[in-house]
Amino acid sequence: MIAIVKKELRSYFHGMMGWVFFALILLTFGIYTAVLSLSKGYADFSLVPYNAQFVYLIAIPLLTMRSLSEERRAHTDQLLYSSSLSSADIVLGKYLTSVVMLALPLAVCCLYPLVLSGYGRVALGTTYATMLAFFLLGCALSAIGLFFSAITTNPFVSAAVTFCALLFCYFASDLGSLLSVSILAALLFFSALALAVAALLRVLTKNWLAAGIAFAVLEAALLLIYFLAPGLLDGSVAWAFSGVALFAKLESFSNGILDLTALVQYLSLAGLFVFFAIQAVEKRRWS
Amino acid sequence: MIEVEVRHLTKQYENHLAIDDISFSIETGRIYGFLGPNGAGKSTTMNIIAGCLAATSGDVLIENHDIFEEQQEAKRHIGYLPELPPLYLDMTPREYLAFVCEIKRVPKAERATAINENMRRTGLLDVANRQIGQLSKGYRQRVGIAQALVGNPEVIVLDEPTVGLDPAQIVEIRELVRELGKDHTVLLSSHILSEVSELCDEVLILSKGKLVARNTPEKLGELLGSGNRLYMVVEGGEDSVRAVLESTGIAGTLRLKSAGAGRVSVEAEADEEAKERIFYAFAQAKMMIREMRSEKITLEEIFLEYTGLGKGEAHDRNR
């Protein structure tokens, strides 16, 4: 696993990608620091990461697009498979690399509030809590990017799909409030979601029966809720959307609240998508 | 000693059978050749043996370790060069081999010597610090082979090691493979027949996912016929030539054809002894032999015969 991390870091810095990624993060933070802290004189540095979060929409696809798909495109995955590395070693190595790549420029940015505190009072607690949340958000998003990199062969396709997924997360809270909130509409929405889950299951397992059973169980549960406790469905669509609205959760940190549930959600999402990526590699490897 | 044992190996893809119940074993210190047309299942079989792919059913044992159950242990004994060498083009051969050493868990203390030794054996020392992306195809193939040698495995599996190289590079790589055959058991695949007959001690012919023949290149020829075919041109009538030939008591099929100008061409199966008898018989009958030569069945014909591609027309090529 360490061998993979070393190799990946080397290839990021040997080529352009690592430097471009660093430049993007540092430039965005630099501009916001200059505008918000230096020019406008806000004492709250946490506004900088809060405003800079859109940079992830571009930076994360750049960071993860090549990691697994490039190996397959160049057929170097066969070298990894014929070595003593397990699929988990390979994926975790790749993921750890993106976490390190993310941590390096953010560590530099963490120095800014210290420098600023020499010239005035900076709310360091709020600032560093927001920086931590910003970092963990990046970890969760790069796990998503890694997963899409695992299921595609072309880095550009991987980047495009990741970008779309992140864009959806970015605007999810707004989208949720736009959608109809009637109870019947919620039922239809979740039924469609259940159908999508069943379809995904069919694609992954190539088993109609499993997909059918999954759909039947989900749909039965939905109907039960619809007829027995329809109140649960009220506002549930907006709730579901706010669940995937990963970016919006940064707001409470910036307001000075240490939102532990958000941190746990970031971490568990990262874990989940890394797990999916391992499964995707495992499946490719053995079929 | 048996190095690799493959038992009832089958690989079923969604709608086609890539490998159909293949069983064979390979032994220490020989060079084996997988021969077959494209799509015969050579690469799939090699991928499975190297632990890169799962089989639908069947076992692969490497040094008595199951490749599916005891992956780590089994993989230590096998080096694999896939059809497309798995190279990182932005690395130098030295960096690349160092990385391979790490992922193959070569002990740290042995790495430097292992890398230098592998580069010496594969003739890479001159280009050790140039980027792989800038190397010629022949050198890249060498880097691929050097990679397979990391950890000094007993068995080396090379999938089409000479494909896409120019003639000079092909000769070099073949020389290298022959060299490797002295210390390792080599299993290589090819669809170039001359390569297999030149390099390999034993040939395994695959066709449509089935193992259709396995033997030494020479023995395979004998199985198809005596392995000695006789071509003659004799002066005289067809009937009298046939009479003389039959008096020598040669077995097998006789093919006679008028060659014009009072000559008859003959094709028959005959070993050295029979040829002598035929010569004296014609001399006694005072019929002049204008031409007499014998030919071995080529691997090409064997191949076409076993894979069913030639549809029995292979023997008629010369006429």
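**Stop 1: the core**

Select A140(A), A143(A), A277(A) and V157(B): of the 141 residues in the largest nonpolar core, these touch the most other members. A nonpolar core here is a set of buried Ala, Val, Leu, Ile, Met, Phe, Trp, Tyr and Cys residues joined through C-beta atoms within 7 Å. Buried means that 20 or more other C-beta atoms lie within 10 Å of a residue's own, exposed means 12 or fewer, and partly exposed is in between, with C-beta atoms placed from the backbone. Now colour helix α9 (residues 124-151) of chain A, which gives the most to this core, with 15 residues. Helices are DSSP runs of H or I, at least four residues, and strands are runs of E, at least two, both numbered from the N terminus.

Before moving on, a word on what's loaded: this is a predicted model, in which local features need pLDDT of at least 70 and side-chain atom pairs count only at pLDDT 80 or more, while totals for chains, interfaces and linings use all residues. Residues are numbered from 1 along each chain as its sequence is written, and chains are lettered from A and ligands numbered from 1 in the order in which they are written.

Back to V157(B). Leaving out neighbours within four places in sequence, V157(B) is in contact with M46(B), I49(B), A50(B), I78(B), Y80(B) and L187(B). Contact means that the C-beta atoms of two residues, placed from the backbone, lie within 7 Å. Another core, of 12 residues, lies apart from the one we started with; pick out M232(B), A268(B), A270(B) and A274(B), which are among its members.

**Stop 2: chain A as a whole**

Show chain A by itself. You'll see 15 helices and zero strands. The C-alpha trace of chain A spans about 65 × 55 × 25 Å along its principal axes. Of the 287 residues in chain A, 38% are buried. If you draw contacts within chain A between residues at least 6 apart in sequence, 81% of them join residues at least 24 apart.

**Stop 3: two helices of chain A**

Next, select helix α7 (residues 87-109) and helix α15 (residues 260-286) of chain A, which pack at an angle of about 135° with their axes 9 Å apart. The axes are lines fitted to C-alpha atoms, for helices over the stretch in contact, and angles run from 0 to 180 degrees between N-to-C directions. That angle makes α7(A) and α15(A) oblique to each other. For the labels, under 35 degrees is roughly parallel, over 145 roughly antiparallel, 65 to 115 roughly perpendicular and the rest oblique.

Which residues make the contact? From α7(A) they are S87(A), A88(A), I90(A), V91(A), L92(A) and Y95(A), and from α15(A) they are V274(A), A277(A), I278(A), V281(A), E282(A) and R285(A). By class, the contact of α7(A) with α15(A) has nine nonpolar, one polar and two charged residues. Nonpolar covers Ala, Val, Leu, Ile, Met, Phe, Trp, Tyr, Cys and Pro, charged covers Asp, Glu, Lys and Arg, and the others, Gly among them, are polar.

**Stop 4: V5(A)**

Zoom to V5(A), in helix α1 of chain A. V5(A) counts as partly exposed because it has 17 C-beta neighbours inside 10 Å. Not counting residues up to four places away in sequence, V5(A) touches G93(A), L96(A) and T97(A).

**Stop 5: where the chains meet**

Bring chain B back. The contact takes 17 residues from chain A and 20 residues from chain B. On the chain A side, α1 (2-14) and α6 (77-82) each supply at least two residues.

**Stop 6: chain B**

Select helix α3 (residues 93-103) and helix α5 (residues 137-149) of chain B, which pack at about 25° with their axes 10 Å apart. This makes α3(B) roughly parallel to α5(B). Show P93(B), Y96(B), L97(B) and V100(B) of α3(B) against V143(B), A146(B) and Q147(B) of α5(B), which make the contact.

Finish on N64(B), in the loop between β4 (57-62) and β5 (65-66) of chain B. Phi of N64(B) is near 70°, a positive value in a residue other than glycine.
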